[in-house]
Amino acid sequence: MKYALLIYSVPCAAEGVQPADDGVINSWLDYTAALKESGVLLAAEQLAHVDTATSVTARGGERLLTDGPFIETKEHLLGFYLLDVPDLDAALDWAGKMPIVRYGTVEVRPVLEGQAWRAPLE
């Protein structure tokens, strides 16, 4: 079953943290390598800073663009991992090992499969 591990953090959560001092860079590299070596990793991407986002909506037939994220929130989506694991418990185990849990949040969400909109992708 596929699960997306969505990585969230408040923008200033890591301020003052020196990656070389707390080993966070190596933790991320080790975590990603462990996912790959286990065979469950399908994809992983880091997103550019939220200030680079443009949100698109449509009202009254007109396309509206807004700088930044559409939803006002304290935490921002930083990136994601896409895993293929046996069940939710396995996805939660991997989420709990992610370095961001020290100062952020990991949302675990199942990927819906077999949806009609996917037909053009296959």
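Lys2 is partly exposed, with a relative accessible area of 25%, where partly exposed covers the range between buried, under 20% relative accessible area, and exposed, over 50%, as computed with a 1.4 Å probe on protein chains only. The model is predicted, and for that reason local features need pLDDT of at least 70 and side-chain atom pairs count only at pLDDT 80 or more, while totals for chains, interfaces and linings use all residues. Residues are numbered from 1 along each chain as its sequence is written, and side-chain values use heavy atoms, with hydrogens and water left out.

**Salt bridges**

Side chains of opposite charge can pair when their charged atoms come close. A salt bridge here is a side-chain nitrogen of Lys or Arg within 4 Å of a carboxyl oxygen of Asp or Glu, and the structure holds 2 of them. Lys2 takes part in one, meeting the side chain of Glu113 at 3.7 Å, N to O. This pair links distant parts of the chain, 111 residues apart, since Lys2 lies in strand S1 (residues 2–9) and Glu113 in the segment after strand S6 (105–110). Helices (H or I, at least four residues) and strands (E, at least two) are DSSP runs, numbered from the N terminus. In another salt bridge, the closest N and O atoms of Arg109 and Glu107 are 2.4 Å apart. The accessibility of the residues in these pairs is set out below.

| Residue | Relative accessible area | Class |
|---|---|---|
| Lys2 | 25% | partly exposed |
| Glu113 | 44% | partly exposed |
| Arg109 | 44% | partly exposed |
| Glu107 | 24% | partly exposed |

**Aromatic rings**

Rings of Phe, Tyr and Trp (its six-membered ring) pair if their centres lie within 6.5 Å, and planes under 30 degrees apart count as stacked, over 60 as edge-to-face and the rest as tilted. By this rule the count comes to 4 aromatic pairs. The rings of Trp28 and Tyr31 are edge-to-face, because their planes stand at 90°, with the centres 6.4 Å apart. Trp28 and Tyr31 are 3 residues apart in helix H2 (residues 24–38), which means that about one helical turn separates them. Tyr31 also forms an edge-to-face pair with Tyr81, at 5.3 Å centre to centre and 85° between the planes. Because Tyr31 lies in helix H2 and Tyr81 in strand S5 (residues 76–84), this pair ties together parts that are 50 residues apart in sequence. Tyr31 counts as buried at 5% relative accessibility, and Tyr81 is buried as well. Ring pairs link Trp28, Tyr31, Tyr81 and Trp94 into a cluster.

Lys97 lies over the face of Trp94, at 4.7 Å from the ring centre; a charge sits over a ring if NZ of Lys or CZ of Arg is within 6 Å of the ring centre and within 35 degrees of the ring normal.

**Strand S5 and its partners**

Two strands pair if DSSP finds at least two bridges between them. S1 and S5 pair in the antiparallel sense over 8 bridges, and Tyr81 in S5 is the bridge partner of Leu5. Strand S2 (residues 41–46) also pairs with S5 in the antiparallel sense, over 5 bridges, and here Phe80 in S5 is the bridge partner of Glu45.

Leu78 lies in strand S5 too, and at 34% relative accessibility Leu78 counts as partly exposed. Leaving aside neighbours within four places in sequence, Leu78 is in contact (heavy atoms within 4.5 Å) with Ile7, Tyr8, Ser9, Gln46, Leu47 and Ile100. The C-alpha atoms of Leu78 and Ser9 are separated by 7.1 Å, although these residues are 69 residues apart along the chain.
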